[in-house]
Amino acid sequence: MDTELWTIKDVGAYLDENDFKQYRKLFCEENKIDGRVFLSLTENDLKQAPLQILPFGDLRRLCFLIENLREEKRNRDQKTSESPFKQTYSTFNNYIHSEQSSTRSGLSSPSGGISITDSDDESFQIRKKLKLDRRKFALSVLYIFCSHFFSGFAVTYAQEHLPDKKKYPPLPDIILDNLPFIPWAYRVTEGAIFFLIIIGLIMLFFHKYRFLVIQRVMIIAATIYLLRSFCVMSTAIPMPQKEYNCNRIVSIV
């Protein structure tokens, strides 16, 4: 989003992102500074009332941030004449650069600007979207619990209404009917599933946005199980194989 279109809330979020939380109330609540006003601030504006930024180090770092935003806006204006491929590459390159230089402080130029930036506006918006929303995470946990509960009910219901395999034999299958039955195949598949789950948990442990990944995996898994439940309850097909035994869990009262 263009910096000039930032709301007062966006300016506050940008200050928080760049370790200036102590000035959020001054800029946003007391002086109602939005994106356009924030871009127009000069060093004299920051030194004089009503802002009066102290100490001097914070004053200079804020000047660097504002000059950085101005430079990014000029670069975006120049990109309007570039091809879509160049725009995409430039956006990705700026994001990688901002991640690599996030721990570096800005270097000032003789004119008071900066030559190395900590982050750009586009990468700031990306990181803002990647922040964990606790409300959404809690809703995803509730969603997957409800989905699994309904899935268990659907499986129990399907087993109680399972067709008699003596009266209804398995449906014909071109491939499986011509292959020998392998008793240990189910254990191998269960072992493979367990192994993949272990690998997935290890990857999540070292992932930077592990909770965001868990949230999305839970939503996808819950949706799949919910659709599976509707399919199980709405269909009644025979056993897949004669050797497959699916004992009833609950007896009909």
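Student: Leaving aside neighbours within four places in sequence, which residues is phenylalanine 27 in contact with?
Tutor: This is a predicted model, where local features need pLDDT of at least 70, side-chain atom pairs count only at pLDDT 80 or more, and totals for chains, interfaces and linings use all residues. Residues are numbered from 1 along each chain as its sequence is written, and side-chain values use heavy atoms, with hydrogens and water left out. Contact means heavy atoms within 4.5 Å; phenylalanine 27 meets this with Leu15, Lys32, Ile33, Phe38, Leu41, Leu46, Leu51, Ile53 and Leu62.

Student: What makes a set of residues a nonpolar core?
Tutor: Its members are buried (under 20% relative accessible area, with over 50% exposed and partly exposed in between; 1.4 Å probe, protein chains only). They are Ala, Val, Leu, Ile, Met, Phe, Trp, Tyr and Cys residues joined through side-chain atoms within 4.5 Å. The largest such core has 22 residues, and Phe27 is among those that touch the most other members. Helix 5 (56-79) is one of the helices that each supply at least two residues; its share, 6 residues, is the largest.

Student: Why is helix 9 called oblique to helix 10?
Tutor: The axes of helix 9 (residues 185-206) and helix 10 (residues 210-234) cross at roughly 140 degrees and come within 8 Å. Angles under 35 degrees count as roughly parallel, over 145 as roughly antiparallel, 65 to 115 as roughly perpendicular and the rest as oblique. Helix 9 is therefore oblique to helix 10.

Student: Which residues of helix 9 make the contact?
Tutor: Leu204, Phe205 and Phe206 of helix 9 meet Arg210, Val213 and Ile214 of helix 10.

How values were computed. Helix = DSSP H or I, 4+ residues; strand = E, 2+ residues; numbered from the N terminus. Axes fitted to C-alpha atoms, helices over the stretch in contact; angles between N-to-C directions.
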